[in-house]
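Hi,

Here is the structure I promised to pass on.

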Amino acid sequence: MHVRDMISTHPDVQGNTAENLLKCIEECYSCAQTCIACADACLAEPMVDQLRQCIRLNLDCADICAATGAMASRRTGSNVEVLRAAIQACALACQKCAQECEQHAEMHEHCRICAKSCNRCAESCQAALNEVQ
């Protein structure tokens with residue numbers, strides 16, 4: 001795992017990599033990429049006007065996932081309250097995006113894939129909260 005390899009080398013980590021937080025970082029970046037790709041695929045659909053909210057939630061989710069992944073990757077110093085808030089917001093954005101994508105999943109495979117990614121990310125965010133204190 002690239003994230004684990006990189007973070008474990010940080011001088012302030014000293015072997016305490018916080019496994020759930022590492023999983024959260026990986027899922028955040030994966031979800032951000034998936035949401036961007038889903039939004040782009042939605043824009044290519046002939047019924048794009050019916051996917052407007054899905055696109056909006058994809059883009060919001062991608063932004064918060066990328067920001068949360070970046071914040072969680074930082075190990076120098078601490079900003080625990082803000083990081084916890086970001087992780088909680090990320091979980092919520094992922095839940096909302098997943099719910100919207102699930103409404104289109106039978107018709108659009110990209111929405112089905114995105115919903116699964118969002119659900120995984122939301123779960124990993126919840127698990128990571130226990131390690132951010």
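First, some ground rules. This is a predicted model, so to speak of local features a pLDDT of at least 70 is needed, side-chain atom pairs count only at pLDDT 80 or more, and totals for chains, interfaces and linings use all residues. Residues are numbered from 1 along each chain as its sequence is written, and side-chain values use heavy atoms, with hydrogens and water left out.

The overall picture: the protein has five helices and zero strands, where helices (H or I, at least four residues) and strands (E, at least two) are DSSP runs numbered from the N terminus. Along the sequence that reads α-α-α-α-α. Of the 133 residues, 43% are buried (under 20% relative accessible area; exposed is over 50% and partly exposed lies in between, with a 1.4 Å probe and protein chains only). Take the contacts (heavy atoms within 4.5 Å) with a separation of 6 or more: 73% of them join residues 24 or more positions apart.

Now the helix pairs. Helix 2 and helix 3 pack at about 155°, and their axes are 8 Å apart (axes are lines fitted to C-alpha atoms, for helices over the stretch in contact, and angles run from 0 to 180 degrees between N-to-C directions). The two are therefore roughly antiparallel (over 145 degrees; under 35 is roughly parallel, 65 to 115 roughly perpendicular and the rest oblique). Their crossing is left-handed, meaning that the near helix is turned anticlockwise from the far one by less than a right angle, while clockwise would be right-handed. By class, this contact has 21 nonpolar, four polar and no charged residues (Ala, Val, Leu, Ile, Met, Phe, Trp, Tyr, Cys and Pro count as nonpolar, Asp, Glu, Lys and Arg as charged, and the others, Gly among them, as polar).

Helix 2 also packs with helix 5, at an angle of about 155° with the axes 8 Å apart. That makes this pair roughly antiparallel too. Helix 2 passes helix 5 in a left-handed crossing. Here the classes come to 16 nonpolar, six polar and three charged residues.

- Asn58 sits in helix 3 (residues 52–73). Asn58 counts as buried because its relative accessibility is 0%. Its contacts include Cys35, Cys97 and Cys114.
- Thr34 is in helix 2 and is buried, at 14% relative accessible area. Thr34 is in contact with Ile113, Cys114 and Ser117.
- Val48 is in the loop between helix 2 (19–44) and helix 3. At 30% relative accessible area, Val48 is partly exposed. Val48 touches Cys42, Leu43 and Ile55.

Cheers

Methods. Lists of a residue's contacts leave out its neighbours within four places in sequence.
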